[in-house]
Amino acid sequence: MDWKAPKQFKLVATAFILICHSFYNPTDSGAVQISQSNLDMTLASNEIVFINFYAEWCRFSNMLMPIFDDAADEVTKAGYDPGKVVMGKVDCDKEAAIATRFHITKYPTLKLFRNGLPAKKEYRGQRSVEAFAEFIKKQLTDSTLTFTSLKELQELSEDKRHIIGYFDRRDQTEYETLRKVAASLKDECLFHVGFGDASQAMHPPGQPIVVFRTDKKSSTDPDETYKGSLTDFDQLYKWVQEKCIPLVREITFENAEELTEEGLPFLILFHNPKDTESVKRYKEIVKNELESEKQNVNFLTADGERFEHPLHHLGKSLSDLPLIAIDSFRHMYLFPDYKDMETPGRLHQFLQDLYSGKLHREFHYGPDTPQISDTSNNIKVTTPPESTFKKLAPSKNRYTLLKDEL
């Protein structure tokens, strides 16, 4: 909104918003009914919002509803502080815009929101009052690890990434900001905090410091200090996210579902598990040439032995490794020659050809020419291999309530 109101009105409006933000925590019996009118306020006013997206015509939604409402009552009885948690429900027929906003394609779908941000994957645990209440309790458990001496920081795991905070007191606003960030990104990094005497040698009094420590097995870099505001959640979250989530990740059967739920196509290096050099070089090229594309594509490496099935779809085998391919979740496209990734701009063009549809078009009709629209019998129409990684995604036909969980 473009505010043109007098300064006095702005101050009153700002104060009203802050009051609402602090106290908006609907607590009617059962899960809170969420609509377009109260969605954003609910998300902004509570650290945890757990939402049941349902449809009244769906039998499974109707079976889950009383369980979810009873769980919401149990969470209310637990007596969490205002602004900590709300369990809500959205009627996706009446609130189609909300369903579209959060890509809801089946009912019921259970999603967790933390500090206004949706979790990467939906809830798929047991559907019972006890399980839901325990899930909420776990989400509100402090995700930071407290150290009592600097010596403990010398013994941190070398194959993990670490965020370390040095504070005067636990009740500092700066610590509360880091705690919220840690709760959102605890699966990506380990968060360590020290207070008072345990950390005073590492920061000036009254000036907390947060640093990033990478895995020392792959780097000898010193800890990197955060330069932004420690009271700005969005700013700190962005910095920690960039440090803790590698630009290039390894796909496994364990994390494939989560990666597919991010909804971005994959650019994958398939390699022999003993081949570390191609992985190293691929990461270097992605960092140097393709970092600007990280919002459009997931950069991955894959063990060619574990993911031999996708290779067969591409007409390749273990003897052809290393090789690079795109999985768009519709089709797979092979990068013509692995060695060509060393040519500046070649991998970037490969991605651009995906976005423009050129890869799909040329697979059907051959290399683009001025006569691409020619429909004569001289053109052999082919179909690119179907995506194999989309099969690792959550099934859109799978109900999230199982009969044995009733």
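Which residues does E174 touch, not counting residues up to four places away in sequence? I looked, and they are F167, P208, L230 and T231; contact here means heavy atoms within 4.5 Å.

Note on the source: this is a predicted model, so I take local features only at pLDDT of at least 70 and side-chain atom pairs only at pLDDT 80 or more, while totals for chains, interfaces and linings use all residues. Numbering starts from 1 along each chain as its sequence is written, and side-chain values use heavy atoms, with hydrogens and water left out.

E174 again. I find E174 in helix α6, residues 173-185 (helices are DSSP runs of H or I, at least four residues; strands are runs of E, at least two). E174 is buried (under 20% relative accessible area, 1.4 Å probe, protein chains only), yet I see no salt bridge for E174 (a side-chain nitrogen of Lys or Arg within 4 Å of a carboxyl oxygen of Asp or Glu). R169, the nearest side chain of opposite charge, is 6.5 Å away.

Next, the sheet. I traced five strands in an open sheet, ordered β11-β13-β12-β14-β15 with mixed pairing (two strands pair if DSSP finds at least two bridges between them). β11 (248-250) and β15 (332-334) each have a single partner strand, so one side of each lacks a neighbour in the sheet.

Inside it, I checked β12 (residues 266-271) against β13 (residues 298-303): they pair in the parallel sense over six bridges. L269 stands opposite T301 in β13.

Last, the helices on the sheet. α9 (residues 277-290) packs there, touching β11, β12, β13 and β14 (323-327). α11 (residues 346-356) also packs on the sheet, touching β12, β13, β14 and β15.

Notes
Axes fitted to C-alpha atoms, helices over the stretch in contact; angles between N-to-C directions. Buried < 20%, exposed > 50% of the residue type's maximum accessible area, 1.4 Å probe, protein only. Lys, Arg positive; Asp, Glu negative; His and termini not counted.
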